[in-house]
Amino acid sequence: MKGIVIAGTNNLFTVECEDDVIRNCTIKGKKLKQDKKFYNPIAPGDFVEIEVDPINDEKGQVLSIGDRKNTFLRWNVKGRCPQLLASNLDYLILVTTPDEPPFRPRFIDRALAQAEHQGIKPVIVCNKFDLAERMQTDGREEEFEQIERHISIWEDLGYKVLRISAKTGEGMTEFAELLEDKLSAFVGQSGVGKSSLINVLDNSCVLKTGSLSQKYGRGCHTTTKGTLIHLTLNESLVDGIQGRKANIIDTPGIRRFVLDDIEADNLALYFNEFEPFVGKCKFGLNCKHDTEPECAVRAAVENGQITPERYDSWKRISNEIRTGSWED
């Protein structure tokens with residue numbers, strides 16, 4: 001029996017099987033043949049082969065995992081190994097906000113680098129964009145201009161960016177059209193409104209949404225494990241047409257995104273505007289792009305081919321990899 005993984009933790013996975021029965025499955029023998037150790041060996045979106053329990057038709061055992069188109073993962077610091085978040089994606093939806101919680105461009109830059117490494121198409125979604133107008137009227141124009149500057153940099157690099165609001169509906173029609181008939185994972189820090197977006201996309205969904213910590217302005221975890229959700233898109237977002245579908249993997253809020261399998265010396269390869277200059281420095285691939293003479297990357301910054309913001313972000317993330325000290 002074949003199926004697709006809907007959710008799972010430890011050694012218990014919910015599998016939607018080809019006979020339309022949803023079964024709770026464990027891994028047969030508790031281990032799968034894989035070439036590396038993972039914090040969790042199976043992720044939502046994985047295609048698996050199972051053996052149905054002969055006594056209880058609602059249970060089974062996972063025998064094997066099908067070939068993956070891609071995986072999105074991060075390094076799990078506590079478990080000291082990679083953590084799979086989602087598999088077989090069409091889009092990686094990176095959700096951020098201009099405020100409440102505060103804008104974190106380096107979180108997005110880390111996730112973009114990991115997406116480039118995994119070969120997944122990212123889309124940046126700036127939710128709660130209705131707060132941007134309030135920032136301008138509250139005397140925070142300079143802060144808002146910095147946010148728009150970062151968004152414009154990502155757009156100039158070719159990344160798709162949507163300015164939307166689950167609260168007001170701004171941009172939600174374009175967002176629904178993008179997601180239709182695709183499998184996408186929502187990734188972002190706690191409090192950015194991933195569950196709220198899903199509730200608007202499909203008004204039959206009632207996912208729990210959280211409030212922000214008053215002390216820190218951060219979100220609280222409301223989604224506790226990654227879950228694949230089949231959406232029937234709200235008719236008002238898709239020209240009044242009934243039955244249009246989208247598949248979403250809602251991942252738990254991530255406070256600290258730590259890169260997996262990317263060395264500091266190779267990080268520039270996953271900042272796509274850096275790549276044309278890597279290896280063209282005086283010291284070739286040994287250049288750290290810091291103080292070395294005749295560095296092609298630093299020359300590109302001076303010539304405006306690489307923005308100072310992205311160069312600074314690359315330097316900070318490189319240092320995080322080298323020191324093992326990661327910021328929120």
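Val297 is buried, at 0% relative accessible area (buried means under 20%, exposed over 50%, partly exposed in between, with a 1.4 Å probe and protein chains only). Its place is in helix 6, residues 296-302. Helices here are DSSP runs of H or I with at least four residues, strands are runs of E with at least two, and both are numbered from the N terminus.

Beyond four places in sequence, Val297 touches Phe274, Phe277, Cys281, His289, Ile306 and Tyr311. Contact means heavy atoms within 4.5 Å. Val278 sits 19 residues from Val297 in sequence, with 7.0 Å between their C-alpha atoms.

## Basis of the model

The model is predicted: local features need pLDDT of at least 70, side-chain atom pairs count only at pLDDT 80 or more, and totals for chains, interfaces and linings use all residues. Residues are numbered from 1 along each chain as its sequence is written, and side-chain values use heavy atoms, with hydrogens and water left out.

## Overall fold

The protein has seven helices and 13 strands. The C-alpha trace spans about 70 × 50 × 40 Å along its principal axes.

Of the 328 residues, 50% count as buried. Among contacts between residues at least 6 apart in sequence, 65% join residues at least 24 apart.

## Surface and charge

The protein exposes about 16,300 Å², and carbon and sulfur atoms supply 45% of this area. The areas come from the Shrake-Rupley method with a 1.4 Å probe; for residues, only the protein chains shown count as cover.

There are 43 positive and 51 negative side chains, and the centres of the two sets lie 7 Å apart. Lys and Arg count as positive, Asp and Glu as negative; His and the chain ends are not counted. Each charge is placed at NZ of Lys, CZ of Arg, CG of Asp or CD of Glu.

## Nonpolar cores

The largest nonpolar core has 56 residues. Such a core is a set of buried Ala, Val, Leu, Ile, Met, Phe, Trp, Tyr and Cys residues joined through side-chain atoms within 4.5 Å. Phe72, Leu89, Leu92, Trp154, Leu267, Phe274 and Ile306 touch the most other members. Helix 1 (residues 105-118) gives the largest share of this core, six residues. Another core, of 26 residues, lies apart from it; Ala166, Ile198, Leu201 and Cys205 are among its members.

Leu92 is in contact with Phe72, Ala111, Ala115, Ile120, Lys121, Pro122, Val123, Ala185 and Val187, leaving aside neighbours within four places in sequence.

## A buried histidine

His150 belongs to helix 3, residues 141-156. His150 counts as buried because its relative accessibility is 17%. Outside four places in sequence, His150 contacts Phe103, Pro105 and Glu309.

## Backbone details

Glu100 and Pro101 are joined by a cis peptide bond, with omega about 5°. Pro101 lies in the loop between strand 8 (91-96) and helix 1.

Two residues other than glycine have positive phi: Asn88, near 60°, and Glu294, near 55°. Asn88 lies in the loop between strand 7 (81-87) and strand 8. Glu294 lies in the loop between strand 13 (245-250) and helix 6. Asn88 is buried at 9% relative accessibility, whereas Glu294 is exposed at 61%.
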